[in-house]
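This report describes a protein chain and the ligand it surrounds. Look at the sequence and the structure first, then read on.

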Amino acid sequence: MVKNRCYCWINTFGLDICFWVGRNFAFPQNVVLPYVLIPELKIMLTQQQLDSFRSFAQQADQDDSLASFRSRFSFPQHEGKDCLYFCGNSLGLQPDTVEQYLLEDLAAWKTYGVKGHILGDRPWKPYHKFVAASLARIVGAAEHEVVCMNTLTTNIHLLMASFYRPTKERYKIIVEAGAFPSDQYLVHSQVEHHGFDPAEAIIEIQPREGSFTIEHDDIINAIEKAGNSLALVFIGGVNYYTGQVFHIESLTEAAHNVGALAGFDLAHGVGNIPLHLHDWNVDFAAWCSYKYLNSGPGGPGGIFIHERHGLNPETPRLAGWWGHNEDNRFKMPKEFEPMKGAEGWQLSNAQILSFSAHRASLDIFDEVSIEQLREKSLKLSSFLRGMLAALTQAGMSFQIITPTNYPEKGAQVSMLTDSENGPALYKYISDRGVICDWREPNVIRVAPAPLYNSFDDVFQFVKLINDFANAA
Ligand SMILES: Cc1ncc(COP(=O)(O)O)c(C=O)c1O
């Protein structure tokens with residue numbers, strides 16, 4: 001398996017290094033490079049450098065076994081050309097098959113009316129099952145451990161109802177500082193809902209002084225310190241702002257060692273990094289599908305519940321009719337009898353039209369392994385970092401705050417800009433057809449997605465930054 005082999009890719013310019021050393025890695029401190037810091041000096045890339053970056057990109061695109069996937073996505077247009085789209089960490093591009101899948105499901109409604117629940121090629125009653133195998137593969141789970149339903153924040157609340165059941169002794173939650181705001185509000189409101197004081201119950205792990213990312217050991221130490229008072233570790237598997245990838249397996253193990261549970265928000269992890277949720281013993285996880293999974297705006301969320309909880313009918317949960325045993329659901333019995341596995345957490349019947357778009361995208365994911373995607377993703381982000389590093393004399397100041405070492409980085413590269421140049425730079429590139437995003441207070445997030453981004457996209461992007469420096 002690719003995941004167990006030793007992989008190392010050093011880009012042509014020796015500026016960035018990524019290591020692939022299998023799942024049981026230790027963080028390789030020796031490959032951590034200092035932040036890419038752009039000093040005030042104003043010297044742009046030479047024509048020779050640009051030419052060699054361009055030919056590197058051309059060669060990498062020629063060698064790219066995933067290159068043909070690009071043509072199956074629709075790119076927003078700028079002046080008659082494809083935008084340089086780096087926002088797959090926010091909203092993935094539309095697969096070309098989405099319209100057809102939607103039309104088929106609309107036709108079923110037109111043709112069968114309510115009988116569409118049981119008739120046609122894709123009856124609606126079991127519709128969530130049609131995406132389960134793909135999702136299970138993507139998150140490293142058994143099919144009965146995943147289900148597609150609702151949306152992300154809603155799902156995490158539902159999972160908290162099952163897995164955050166604080167007592168007077170064990171009530172604390174460990175979270176990462178700077179988690180996505182919805183997670184912060186969610187955890188805060190859960191703690192208050194159970195009558196605890198968030199200031200005391202929530203332990204936020206901060207980056208060390210002068211750093212933007214969190215030391216893994218600091219989370220482990222906090223888990224050990226909280227000990228018997230800890231109910232739950234709840235971390236975003238990949239932080240939305242810095243792009244830092246957390247070590248899910250060892251955080252889960254540390255939580256279990258003190259008798260706590262571990263759950264993860266994988267909004268930025270799913271479809272981005274290899275996941276082995278079952279083998280890692282994760283208790284629960286949830287994700288949205290509209291980022292790297294390309295299911296479209298507001299696309300349906302997904303959950304993972306480890307089978308040791310999911311197959312136990314006694315696991316507490318908030319119930320709805322779609323989680324009830326499907327064999328007698330329509331007999332409308334009074335007493336709730338949960339379906340086995342994650343399906344038993346469903347509340348409502350599926351939103352077929354958004355599931356439809358999700359199915360179109362997952363069918364594309366089924367054609368490629370997560371390891372192949374990861375391999376290309378690491379190359380793309382390494383090339384991006386390499387070019388940005390070469391721009392260190394371009395007259396702007398920004399830092400790459402995403403960790404450099406392989407296990408802690410995903411597709412996203414976060415550029416921390418200064419208040420003077422950042423907004424102007426963002427406007428300059430946006431006006432010229434780049435779609436990436438600005439996250440307050442001053443980060444430009446760039447996420448080359450291996451399914452549809454090319455090395456030339458990356459080249460053109462950094463060239464625009466160079467042009468900005470030239471023009472300034
Ligand atoms: C990490 C993370 N968590 C939660 C959310 C909220 O997702 P939703 O609006 O689907 O509930 C987002 C949205 O981008 C996110 O990035």
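The sections below go from the whole chain to single elements and then to the ligand.

## Overview

The model is predicted. Its protein chain has 13 helices and 19 strands. Of the 472 residues in the chain, 49% are buried.

Among contacts between residues at least 6 apart in sequence, 73% join residues at least 24 apart.

Strand 12 covers residues 261-265, and five of its five residues are buried. In a regular strand the side chains alternate between the two faces of the sheet. In strand 12, L261, G263 and D265 point one way, while A262 and F264 point the other way. Residues on both sides are buried.

Strand 12 pairs with strand 11 (residues 230-236) in the parallel sense, over five bridges. Between strand 11 and strand 12 the chain passes through helix 8 (residues 248-257), and this β-α-β crossover is right-handed. L232 stands opposite L261 of strand 12. Strand 12 also pairs with strand 13 (residues 284-287), again in the parallel sense, over three bridges. Here G263 stands opposite F284 of strand 13.

## Helix 3

Helix 3 spans residues 132-139 and is mostly covered, with six of its eight residues buried. These buried residues are A132, S134, L135, A136, I138 and V139. What do the buried residues of helix 3 pack against? They pack against strand 8 (146-148), strand 13, strand 14 (302-305), helix 10 (352-365) and helix 11.

Just after helix 3 comes G140, which takes a positive phi of about 70°.

## Helix 13

Helix 13 runs over residues 455-471 and has 17 residues. From its first C-alpha to its last it reaches 24 Å, close to the 24 Å expected at 1.5 Å a residue.

Which residues of helix 13 are buried? They are F455, D457, V458, F459, F461, V462, I465, N466, F468 and A469. The elements covering them include helix 1 (47-63), helix 11 (370-390) and helix 12 (422-431). Strands also take part in this cover, among them strand 6 (84-85), strand 17 (434-435) and strand 19 (443-446).

P450 is found in the loop between strand 19 and helix 13. Is P450 buried or exposed? A residue counts as buried if 20 or more other C-beta atoms lie within 10 Å of its own. P450 has 25 other C-beta atoms within 10 Å, so P450 is buried.

Leaving aside its neighbours within four places in sequence, P450 is in contact with L66, L373, K376, S377 and L380. P450 and R70 are 380 residues apart in sequence, yet 8.9 Å apart in space, C-alpha to C-alpha.

## The shell around the ligand

Which residues are around the ligand? They are T151, L152, T153, F180, S182, D183, G236, Y240, D265, A267, H268 and C288. Helix 4 (152-163) and helix 5 (181-193) are the elements that give two or more residues to this shell.

By class, the shell has five nonpolar, five polar and two charged residues. D265, one of the residues around the ligand, is also one of the buried residues of strand 12.

How values were computed: Residues numbered from 1 in each chain as written. Predicted model: local features only at pLDDT ≥ 70, side-chain atom pairs only at ≥ 80, totals over all residues. Near = placed C-beta within 6 Å. Helix = DSSP H or I, 4+ residues; strand = E, 2+ residues; numbered from the N terminus. Nonpolar A, V, L, I, M, F, W, Y, C, P; charged D, E, K, R; others polar. Expected span 1.5 Å × (residues − 1). Buried ≥ 20, exposed ≤ 12 C-beta atoms within 10 Å, placed from the backbone. Contact = placed C-beta atoms within 7 Å. Pairing = 2+ DSSP bridges. Right-handed = clockwise from strand over helix to strand, strands pointing away.
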